[in-house]
Amino acid sequence: NSHHSLTVGQHCAQTLWEVHHRMGNCFTLEYRTMVREAAMWHDLGKCFTQTFTDMRGNPSDEAHYYSHHNYSAYLYLCAVHAQFLHPRCLGTALLVQWHMQPFFTDNLEAWARKRNIAGEAIGGNDPESHLFLDALQLLHEADLAAR
């Protein structure tokens, strides 16, 4: 569609490259792994959600991928089912699932507080829980750059 010139596979690979080169040393090893894995999986759900209808069900010349982020997170969890309860896997799935949120809100931090995404959902009072929003922002920037 008009948002991407690459195939899904090429885009995910390019997003991974962008994440790797933008990451720096501001993340723990666990978060570096999570954001890299999220980059590889974030749009794979598009292969299963493509439709040529708009949100009202009208025919469209452009492909749409409604809720592909949820499908992508599901695919990731199915692929790592043996490690499903490992916090890193759940954190990666959340990054994949929420990677579209920056397109839907102007204030990611306020949204996350409202949804408990950066706190209770992935670490409670863990002093590193702020890293989730930083990782989500990094994934978003890499996603935009990999068009």
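Is Cys12 buried or exposed? Cys12 counts as buried because its relative accessibility is 3%, where buried means under 20% relative accessible area, exposed over 50%, and partly exposed in between (1.4 Å probe, protein chains only). The structure is a predicted model, in which local features need pLDDT of at least 70 and side-chain atom pairs count only at pLDDT 80 or more, while totals for chains, interfaces and linings use all residues. Residues are numbered from 1 along each chain as its sequence is written, and side-chain values use heavy atoms, with hydrogens and water left out.

The structure holds zero disulfides, a disulfide being a pair of cysteine sulfur atoms within 2.5 Å. Cys12 is accordingly in no disulfide, and the nearest cysteine sulfur, that of Cys47, is 8.1 Å away.

The nonpolar interior may be considered next. In soluble globular proteins, nonpolar side chains tend to be buried together. A nonpolar core is here a set of buried Ala, Val, Leu, Ile, Met, Phe, Trp, Tyr and Cys residues joined through side-chain atoms within 4.5 Å. The largest such core has 24 residues, and Val19, Val35, Leu95 and Phe132 have the most contacts inside it. At least two residues of this core are supplied by each of helix H2 (29–41), helix H5 (87–98), helix H7 (108–115) and helix H8 (131–145); helices (H or I, at least four residues) and strands (E, at least two) are DSSP runs, numbered from the N terminus. H8 provides the largest share, eight residues.

Another core, of five residues, lies apart from this one and includes Leu77, Val80, Cys89 and Ala93. Cys89 is buried, because its relative accessible area is 0%. Val80 is placed in the loop between helix H4 (68–79) and H5, and its 18% relative accessibility is why Val80 counts as buried. Val80 and Leu90 are ten residues apart in sequence, with a C-alpha to C-alpha distance of 9.9 Å.

Ser72 lies in helix H4 and, at 0% relative accessibility, counts as buried. Its side chain reaches the backbone oxygen of His42 at 3.1 Å. Not counting residues up to four places away in sequence, Ser72 touches Trp41, His42, Asp43, Leu44, Gly45, Lys46 and Val96, contact meaning heavy atoms within 4.5 Å.

Thr49 is found in helix H3 (residues 46–49) and counts as buried at 15% relative accessibility. A polar atom of the Thr49 side chain lies 3.1 Å from the backbone oxygen of Gly45. Leaving aside neighbours within four places in sequence, Thr49 is in contact with His64, Tyr65, Tyr66, His68 and Tyr71.

Key
Polar contact = N/O pair within 3.5 Å; in protein donor to acceptor, adjacent residues only side chain to side chain.
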